[in-house]
Amino acid sequence: MRTLMPHAKSESKMDKKDQLFVINEMCEMRNCSKCIYLEAKKKQDLYMWLSNVPRGPSAKFLVENLHTMSELKMTGNCLKGSRPLLSFDQEFDKEAHWSLIKELLIQTFSTPNHHPKSQPFFDHVYTFSIADNRIWFRNYQILEEDGSLAEIGPRFVLNPIRIFEGSFGGPTLFQNPHYVSPNDLRHLMRKRGAQKYMSRIQAKKSLEMRRGQPSYETDPTDDVFVTIRPEDAEEDS
Amino acid sequence: MDLDESFSSESSVDSDEELQEAFAAGKLRPGLNLELPASSKTINNTAGLNQTLLTIKKNLPWLERLDVTSKPATTHKDLISQSETDVHDDFKRELRFYCQAQATVLEVIPRLHSMSIPTKRPEDFFAQMAKSDDHMKRVREKLVEKQTAIERSEKAKKLRELRKYGKKVQIEVIQKRQKEKKEMLDAVKKYRKGQKDKLDFLENLPGEKKNSQNKKSADNLRPNKKREFKNKKFGFGGQKKRSKMNTKSSALDMSEFNPNINQKKPGKTGKGKPKPGNKNKRPGKARRQKAKSRKK
C-alpha cells in the first residue's frame, strides 16, 4: 500500500506491549497528522486503525478478504505516486458514522496536490463502497478516459468496529452492532462442529427409545419352511 | 410481553411432567435456548459524530481532496439493481464497484480538463510504476497461459464433436451398403426361383460400369483356368512342408462328424429302428438241442 501513497512515512515495527498512545507521540515526532496502524493478531486477524492524530477521532476496522497487489490476476498498473481519485458510494452520506469515516478516509488516502513525491497525472481510482455493512476497497487503473478500467489491487474489506473520539482511545462514539469478532466466529464454528456429533448421538438414543417392544413373542425359526412356489415367485416378479 | 405470552401458551401445551421427561431423555438442553444479543452493546452517538466531523473538516479546495460521491454508471443498471440484495454474488458485486469507479472517472476527468490540468500521461513520460516490469511480465504470461488453455480446451471439444459426427456418418454408410447388398441378394433369389424374368436389377447397380471395366482387365491378367486348378491342387508359392500336418483348427474341425452315424453303437447299422422280423435270429436253446440230437 505504501507504494501507492507517496505522502506516507513509515515507522519501524512497534512492540506489542506498548500502549497505543505511543503511536500519537511517534506521529508527532514525524510531523504527521493522520495515521494508519495495522495490527495483526494471532497471525490470522488483521485490524486497521485510522486515526486523526493529535485529537482524534479514530476508527478501528477489521480487515477481511485481503488480496495484495502482487496477485497475478490483477492486470492493471499505474504510476508510482500518482494521485488517486477517491470514489465513494452514496451510502456514505446517509448516516453519521459513515460520513465521519468518509472524511477520515479522504484525509488519509488522498495525496496532497503538488506533493514532491507525487506525479502530476491521474491514472487510478480508489473505490470505497458500502455493502453488507462493510466498506469494500478497490483500486482501478484508468485505461482510457472514456471509462474503461483495469483493476490494480489491492482489494480488501473494512468491517468497522468502533469509532473513538480521541486518537487511539477516548469515549466511544459508535459501535457497530453487526460486528462479530473473528474469535467469536471461530468459536461458533467449532461449537457447531461439536454439536453435530452430540446431536447425532442424541438422535441414535431417541430412535432406540422410540422403537416399540414386540407385542407377541414369536419364534424366528417358525417361518423358515414357509416358502413360495416357483410359479408364484415368477408371477410376482 | 410477546415473549411472556408465548411462554405461557407453551407451558399450557406442555405439562411439567412432559417437560421433565423430555429433559430426562436429553431432548431439552440449556444450550439450545437462543441467547439474545445484548441490546446495550450498540452505541451510536450521532450528535457526537456530527460534532467531531465538523471539527476535523478542513476547508480545502476540491483539488486537494479529489473525492467524489457517485452513483454507479448507468450502463448496467438492471444488473446493479439486483446486486444490491446479494453481496455474495462475486460477479455482480464487482460489477457494481466497477460501475461506480467508471462513473467517477466519467465525472472527474471532464472537471479536471475544465481546470486545465493534465490527466493523461504523455507517451514519452517514463516513471517508476507501482508494479515492476517483472511483475507485469508475469501477469501477462499468466493471461496468455489462461487464454491458450481456453483455446486448447475449445479445440479439443470441437475435435470430439467432429469425431462423433464422423462416426455417425460411417455407420450410416455401412448400413446403406448392407441394405443395398441385401436388396441385391433378394433380387437374385427371386430371379433364381423364377419370380422375376429380367436381370435389370443388375444394371441399376451403382458403380456397375466401373466394375465391369475393371473385371475385363483383371480377367486378362489372371492365368488360365487349367493353370489355376493345378495351382490349387499342387500348390503354388509359399511353404509346402507341414502343409498336411494337423493344426489346431483342423483338429477341432467337426464338420465331417455326423453324430447319427459315428455315435451309434457298433452293429446297429443304418437309420431308424431295427425291423421286427429278423431272419438270422438265433433259435431258442431247446430248439437248438433238439436239432442237435436229430443230426446225431
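Buried means under 20% relative accessible area, exposed means over 50%, and partly exposed lies in between (1.4 Å probe, protein chains only). The legends below use these terms. This is a predicted model, in which local features need pLDDT of at least 70, side-chain atom pairs count only at pLDDT 80 or more, and totals for chains, interfaces and linings use all residues. Residues are numbered from 1 along each chain as its sequence is written, chains are lettered from A and ligands numbered from 1 in the order in which they are written, and side-chain values use heavy atoms, leaving out hydrogens and water.

**View 1. Lys102(A) pairs with Asp93(A) in a salt bridge.** A salt bridge is a side-chain nitrogen of Lys or Arg within 4 Å of a carboxyl oxygen of Asp or Glu. Here the N to O distance is 3.3 Å. Lys102(A) is buried, at 10% relative accessible area. Asp93(A) is partly exposed, at 48%. Over all chains, the rule gives 14 salt bridges.

**View 2. A salt bridge links Glu94(B) to Arg155(A).** Their closest N and O atoms are 3.7 Å apart. The pair crosses between chains, from helix H6 (residues 90–114) of chain B to strand S8 of chain A. Helices (H or I, at least four residues) and strands (E, at least two) are DSSP runs, numbered from the N terminus. Glu94(B) and Arg155(A) are buried.

**View 3. Arg111(B) and Glu107(B) form a salt bridge.** The closest N and O atoms lie 3.3 Å apart. The two residues are four apart in helix H6 of chain B, so about one helical turn separates them. Arg111(B) is partly exposed at 30% relative accessibility. Glu107(B) is partly exposed too, at 34%. Elsewhere, salt bridges with shared partners join Arg138(A), Glu151(A), Arg155(A), Asp90(B), Arg93(B) and Glu94(B) into one network.

**View 4. Helix H3 (residues 46–56) of chain B has buried residues.** They are Gly48(B), Leu49(B), Thr52(B), Leu53(B) and Ile56(B). These residues lie on the same side of H3(B), because they cover an arc of only 135 degrees around the axis. The arc is that of the directions from the helix axis to the C-beta atoms. The face turned away from the buried side carries exposed Ala47(B), Leu54(B) and Thr55(B).

**View 5. Tyr197(A), Met198(A) and Ile201(A) form a nonpolar surface patch.** Together they have about 280 Å² of accessible area. Patches are made of residues with over 30% relative accessible area and no salt bridge, with like charges joined within 9 Å and nonpolar side chains (Val, Leu, Ile, Met, Phe, Trp, Tyr) within 5 Å. Accessible areas come from the Shrake-Rupley method with a 1.4 Å probe, and for residues only the protein chains shown count as cover. Tyr197(A) sits in helix H3 (residues 182–210) of chain A. At 46% relative accessibility, Tyr197(A) is partly exposed.

**View 6. Lys43(A) has a positive phi of about 60 degrees, although it is not a glycine.** Lys43(A) is in the loop between strand S1 (34–41) and S2 of chain A. Its relative accessibility is 85%, which counts as exposed.
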